[in-house]
Amino acid sequence: MIQPVLQVQNLHTCFFTDRGEVPAVDGVSLMVNPGEVLGIVGESGCGKSVTSLSVLKLIPEPPGKITGGSILFKGRDLVPLKEREMRSIRGDSISMIFQEPMTSLNPLFTVGDQIGEAVRLHRGLRRKEARRHTVEMLRKVGIPRPEAVLDEYPHQLSGGMRQRVMIAMAISCNPELLIADEPTTALDVTIQAQILDLIRRLNEENGTAVMLITHDLGVVAEMCHRVVVMYAGKVVEEGAVCDIFKNPLHPYTQGLIQSVPRMNEQRSRLFSIPGNVPVLYADMKGCRFADRCPSAMSLCLERLPELREYGAAHSCRCWIHETQEDAV
Amino acid sequence: MSEFENRRELEPEHLLQIDHLKKYFPVKSGPFRKGDQYVKAVDDISFSVRRGETFGLVGESGCGKSTTGRALLRLIEPTAGRVVFEGEDITALPAKQLRKKRKDMQIVFQDPFSSLDPRHTVRRILEEPLLVHGIGSAQERQNIVNKLIDVVGLTQSHLQRYPHQFSGGQRQRIGIARALSLQPKLIVADEPVSALDVSIQSQVVNLLQDLQGEFGLTYIFIAHDLSVVKHICDRVAVMYLGRIVEIASTAQLYESPQHPYTIALLSAVPEPDPDLKRERILLQGEVPSPVHTPVGCAFHTRCPVAVDICRAKRPELTETDNGHQTACHLFSATFFGRKSHLAKSGL
């Protein structure tokens, strides 16, 4: 069996606020295999971004804290690592692309300085070598006239260009895992198509494993091999991309897929999930989705179902399937 | 040309007609210089909106769709052009009369977080338009507000609360209720669902459709999400760099798009279907600066099929098919040898 690049086991990340403990990530387990694109989908507040930040231990502490579980990167647990050790991993073997390229680039440094920083730090390259490497990276991500862009500041670039710079920075040390947190949400569709194409090429050509966090089911369908659906801090369904779209098991996944308007069909009304995402607090009882679920039973309000496998690598956290199985 | 315009003006089914609307913003290039350069946010566009329809304005950021929405309500003053609402040219109206006219035309904003006053209760927010226009007694206003909050799917207990106590979807409902409070005929919805989650987005889209049926509203729906536009709109105009490149009924536009930009835009939308493998047209480069718009067709710098004439002459929006208008030299009558065909249809 191949060792997964990343294996997150029973991860708990909490935020300790004035209003009490918020379990933003509540026992999440997932893994990313080598060369795979794993999608994490869910609505705002479901814990998908906190999961990705936890992997790189970028959760601001306080108020946040990883309170349990393990994050195995190629078999090595990252949770007990010291900040200094994490630094040698970040940007080297695991790197990250953020949603908002304007706020994640430093406005006071040129693009070249920022991209070159990673290789100078991790690979010990000299200034001149780093510069040559940076030009190569910029060319790789499709930036026109890379030698000139190198000496420009982030504000001189457009949104799509900035996101390319972010990607150039992320791949400059040829990472084994790339975490992309909503990489195209702030971009226009035609630019989004360019960036997705770039990420796909990196995955196919370099075999970089990608963890893609998004709320856009269209992006998931196009990019990912496997999908993890999150709701209120928990994984509710996990499976191959085709299984998730063709045969979604969890009522939330079903609702989510149905509520997206499609280009290739016309419906008079959109399906919608009633209600809102619940506010999280410690010691919640029952299924998190129960109050919005069309097929909720009394059991759902009392006890939380387990994430269970219902087919080849397709698992779901729902009582409906468990009770059906018992009946059979 | 003018004959055509006159004919259109007489048609009662048109609630709104935009003629050669322009909005230029001066670029200040130094402390003592200004006004020698302009951002052509909206650059000579014309279209009309029928009563009771949902007219979509789509395009990427910076294409001028929001500016169009605001300029036609005169929330920002247009630089040139006419906006005819129910037969009356509102670009010429003095401020006092314009304010009265605004009762009939309202707007719903994109960001439900910044468009509601955080210091006012929902009741106050919904009552304000009524107060401004001096409608009803205190009791009547209260009844109207109570009704409004029901109509958008919230309860009366929500009226005492402040905006920060609501989720994004609920705030957007409040924004819609506020727009409805004066019983307008036209609502400009500027990216009303872009900031919302998928499951909440569909709730708000459904609400907008229900309200349209109930109150006979006409919508101008501004969005960048092409799948939502397809779902809600009857006709769609595609904008690029301040110009309309194509106008058609939703069915025409999505089934047989004509302008190369529209074709590329539609092909770029990711579909939630993993089996679907499409030929994607990846547009190279980015949108040029609206200060230095390219000579000729604004799209020619990224157009995969551009020819010489595209770099020299700006294409006019011309009718190519029953109500389908495209601004592209490649689709103009002469290029495809369609001249005879189009001549027969009276053009």
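**Note on a predicted two-chain model**

1. Helix α1 (residues 48-55) of chain A is mostly covered, with seven of its eight residues buried. A residue is called buried if 20 or more other C-beta atoms lie within 10 Å of its own, exposed if 12 or fewer do, and partly exposed in between, the C-beta atoms being placed from the backbone. The buried residues of α1(A) are A:K48, A:V50, A:T51, A:S52, A:L53, A:S54 and A:V55. After α1(A) comes A:K57, which has a positive phi, near 50 degrees. Helices (H or I, at least four residues) and strands (E, at least two) are DSSP runs, numbered from the N terminus.

2. Residues are numbered from 1 along each chain as its sequence is written, and chains are lettered from A and ligands numbered from 1 in the order in which they are written.

3. Chain A as a whole contains 13 helices and 12 strands. Its C-alpha trace spans about 70 × 50 × 45 Å along the principal axes. Of its 328 residues, 49% count as buried. Among contacts in chain A with a separation of 6 or more, 64% are between residues 24 or more positions apart. Two residues are in contact if their C-beta atoms, placed from the backbone, lie within 7 Å.

4. The UniProt record (an unreviewed entry) places the feature "domain: ABC transporter" at residues 6-257 of chain A. UniProt positions are given in the numbering used here, feature names are shortened, and annotations may be inferred rather than shown by experiment. Over residues 6-257, chain A is 40% helix and 28% strand, and the end C-alpha atoms are 27 Å apart.

5. Strands β1 (residues 6-17) and β2 (residues 20-32) of chain A run antiparallel and are joined by 10 bridges. A:L6 stands opposite A:V32 in β2(A). The two strands, β1(A) and β2(A), form a hairpin with two residues between them. Strands pair if DSSP finds at least two bridges between them.

6. Most residues other than glycine have a negative phi, and most peptide bonds are trans. The peptide bond from A:E61 to A:P62 is cis, with omega near -10 degrees, and the bond from A:P62 to A:P63 is also cis, with omega near 5 degrees. A:P62 lies in the loop between α1 and β4 (64-73) of chain A, and A:P63 is placed in the loop between α1 and β4 of chain A. A:R145, in the loop between α5 (127-140) and α6 (146-149) of chain A, has a positive phi near 40 degrees. A:R145 counts as exposed because it has 10 C-beta neighbours inside 10 Å.

7. In chain B, a positive phi near 50 degrees is found at B:H20, a residue of strand β1 (residues 14-27) of chain B. B:H20 counts as partly exposed because it has 13 C-beta neighbours inside 10 Å.

8. Chain B holds an open sheet of eight strands with mixed pairing, in the order β6-β7-β8-β3-β9-β10-β12-β11. Its edge strands, each pairing on one side only, are β6 (105-108) and β11 (318-321) of chain B. β6(B) is joined by four bridges to strand β7 (residues 186-190) of chain B, and the two run parallel. Helix α6 (residues 168-180) of chain B lies across β6 and β7 of chain B, at about 175 degrees to β6(B). Axes are lines fitted to C-alpha atoms, for helices over the stretch in contact, and angles run from 0 to 180 degrees between N-to-C directions.

9. The contact between the chains takes 36 residues from chain A and 31 residues from chain B. On the side of chain A that touches chain B, two or more residues come from each of α8 (189-206), α9 (217-223), α10 (241-246) and α11 (251-258) of chain A. α8(A) gives the most, with seven residues.

How values were computed: This is a predicted model: local features need pLDDT of at least 70, side-chain atom pairs count only at pLDDT 80 or more; totals for chains, interfaces and linings use all residues.
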